[in-house]
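Please open the structure in your viewer and keep the selection tool handy. We will go from one stop to the next, and at each stop you will see what to select and what is there.

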Amino acid sequence: MHDTSDIETFDATPVNSARMRQPLYAARRKIFPKRTSGQFRRFKWLVMLITLGIYYITPWLRWDRGPYAPDQGVLIDLANRRFYFFPIEIWPQEFYFIAGLLIMAGFGLFLLTSTVGRAWCGYACPQTIWVDLFLVIERAIEGDRNARIRLDGAPWSVGKLTKRLSKHAIWLAIAVATGGAWVFYFADAPALLIDLVTGQAATVAYMTIAVLTATTYIFGGLLREQVCTYMCPWPRIQAAMLDENSLTVTYNDWRGEPRSRGSKKAAAAGEVVGDCVDCNACVAVCPMGIDIREGQQLECITCALCIDACDDVMDRLGRDQGLISYTTLAEYQSNMALATAGGTTAIDPKNIRGADGTLSDKIVTFNWKKLLRPRTLIYFAAWSLVGLALLFALLTRDRLQVNVLADRNPQYVVLSDGSVRNGYTVKLLNMIPEPRTLTVTLEGLPGAEMNVVGLDLPPARSFAVEADPDQLTTLKIFVRQPREEVQGQTQHFTFTVADEAGSDSDRYDATFDAPETRR
Amino acid sequence: MSEKHIDDYSGVETTGHEWDGIRELDNPMPRWWLITWYVTIAWALVYMVLYPAWPLVTTATTGLLGYSSRAEIRAELDAAEVARADYVAAIDSLSVEEILADDQLRIFAASAGAASFRINCVQCHGSGAQGSPGYPNLNDDDWLWGGTVEAIRTAIAHGIRFADDPDTRYSEMPGFAGILESREITQVSAFVATFAGTADTASSEDIAAGKEIFALNCAACHGDDASGNRDLGAPDLTDAIWIYGSTPAEIAAQTRAPRHGVMPGWNDRLGESAVKELAVYVHSLGGGE
């Protein structure tokens, strides 16, 4: 066994753990997360790169939609009430696609949480990403944990002021860039950038940037872990999402306890010692200010940085990695039972180790088959079902629609020759960014003919009209039926609309009203 | 107040009040709460200086920015006035035919006319311009005095049988109660009812007699074929539209002692431009010629 004397012991206090937490009105106690390296840290850098990349680059991607629509890949055009996502264009009445995506996001979060715990919190949540980013700046300027603690305690000096000012200035710059990127999703990005710089953009753009700058700076720079602990509802909901087969970041005390700083000396003295050398590395790196060795707790966002820190220490000691690891509650309990001989004794490392000191093969480790259980399969099925339904809706949706509103006042007009006339407001929705020639036809209602207000056409049962690209065309149509053809007070008929050049068509069932008795 | 009392359990000072042994802890306010409170106070002070704040007897302090919600709405109304100035000027200077020929002007005038119609015309003609017995339906294609947009404008501008306007359209059908025998009136009504298809009970002799009576007494105004005369405002008796009813009894009543509606002239009340807008609107209802 390696000597433990070369393992630095950190004077770190888990200020936010339930044991240490102060009353709510007390001022926040600062935490100074130490830098880590390891597989989870590398994964987090990668996730940060990808998510920030998507966020900042997306509005600048171009997508050619022809001369009648904007060429921005992703654009939420609030003024014209259109949403563009690459080849997909959504009109306001198709907002159910967004609702469907939100439902998918919900099921996806359930699925993720029931399998790998709070992975969203630890890796992908914007709060985590931006706090990580802000910590990079803080470390670059003020140094790592010990330097920052010293600086924080030092009296004010030019050096301290310079460091603090430059740190906050860079934070604010990042915050402005965050809010600045957001508004590009709502207007043509290159044009808006010029307007923003020259001060000609809409007030709402500057207001949005100001608000998002403030929230980014305050949440990411100043509040940090308090956002997760006090403001976010998700830690409260997660309890319902986790079960005994969900992976969570776990301190395997069946292996680590009894912890001992001078384990070699203690072992020599014949004391029982576990793998934990109580170096506090896991506490020092924790961005939430807790001690994972106190078990699963509300504050833990499962960022897994303590796993990296502990694995590093175990490597240097020549012990097995995984004293802190992603473990399910079921595995943990099984191993705990092994270490305590079914709960009859205190934790005894001898129970889990062979004679040569290697870990026993009775220790249960994670089996990927655990991911497939009824709960996760149901979440996955629900998620897929919504996704397939959305896909089906997307592939079969109409790009040509007709809506008809019958005149209510008057419902009908009797003309001098005794024929009956009804008025209709007909709305043609040409939902593609190309002009189209549409044919409107009457189906049913024998003998009836249409007149279109504003179009100089003879009365007919069918007429062609030019529909503007990506626009609603509104027509006022009078339908007139000779008196001898009128059958009853209410007749049902249909307006059909067809695109002559393509295959799109739509129909609307309308009614034709006539007076009760005609004299 | 008694001397300070410290709660044994929490170590926090209490307010000193006690209810049945229950004391209230005197915890300090949370800092964020205090900061927010101070900010709102500062905000209120600044606001009072910049904006109208203190009520006086008949007015209020104006504030340094001189903001006024009334001035704001005045500015918005003025801007709207400016925005439609071109249309208003065009409608003032152009004839109704010219307005009708211009798509944008037509739509603007019809919208303005619809608004005027709802204020001034619906009382008689109905909210859908559908009329009622005695008041013509403006949606149909039957016009006593002509259905071109200019004829409609003239009718609106000067009214029908409107004594105050010398240019008003005027015609009156004489009461035939003193001219024809009661039986003759029944006969001519039976004849006229044949156009409406309501003369089922009349004998063919009566109808034939009525036809002769019509030729002698009515054709002068209503025409030999009873199709009316727009110059005189004499209604077409052969069409399906009957302002006072189409049964023989209703026709007889109108022959004995005719009722005549009166429409005021609107030029003096609304001005020429509003009358043009109304004419364009009525013409757009579907019956315009």
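Predicted model: local features only at pLDDT ≥ 70, side-chain atom pairs only at ≥ 80, totals over all residues.

Which residues in α8(B) meet residues in α9(B)?

**Stop one: two helices.** Select residues 182–196 of chain B for helix α8, then residues 204–217 of chain B for helix α9. Their axes are 7 Å apart, and the helices pack at an angle of about 95 degrees. Angles of 65 to 115 degrees count as roughly perpendicular, so α8(B) is roughly perpendicular to α9(B).

Now show the side chains. On the α8(B) side, pick B:Glu184, B:Gln187, B:Val188, B:Ala190, B:Phe191, B:Val192 and B:Thr194. They meet B:Asp206, B:Ile207, B:Ala209, B:Gly210, B:Lys211, B:Ile213 and B:Phe214 in α9(B). Colour this contact by class and you will find eight nonpolar, three polar and three charged residues.

**Stop two: the domains.** Zoom out and colour chain B by its domain assignment: domain 1 is 1–66, domain 2 is 73–168 + 263–284, and domain 3 is 176–256. Between the C-alpha centres of domain 1 of chain B and domain 2 of chain B there are 62 Å.

**Stop three: the partner chain.** Bring chain A into view. Here 22 residues of chain B are in contact with 17 residues of chain A. On the chain B side, five are nonpolar, ten polar and seven charged.

**Last stop: confidence.** Colour chain B by pLDDT: its mean is 91, and 99% of its residues reach 70 or more. For the complex, the predictor gives an ipTM of 0.80 and a pTM of 0.78.

Methods: Residues numbered from 1 in each chain as written. Chains lettered and ligands numbered in written order. Domains from an automatic or database assignment. Contact = placed C-beta atoms within 7 Å. Nonpolar A, V, L, I, M, F, W, Y, C, P; charged D, E, K, R; others polar. Axes fitted to C-alpha atoms, helices over the stretch in contact; angles between N-to-C directions. Helix = DSSP H or I, 4+ residues; strand = E, 2+ residues; numbered from the N terminus. Parallel < 35°, antiparallel > 145°, perpendicular 65-115°, else oblique. pLDDT = per-residue confidence, 0-100.
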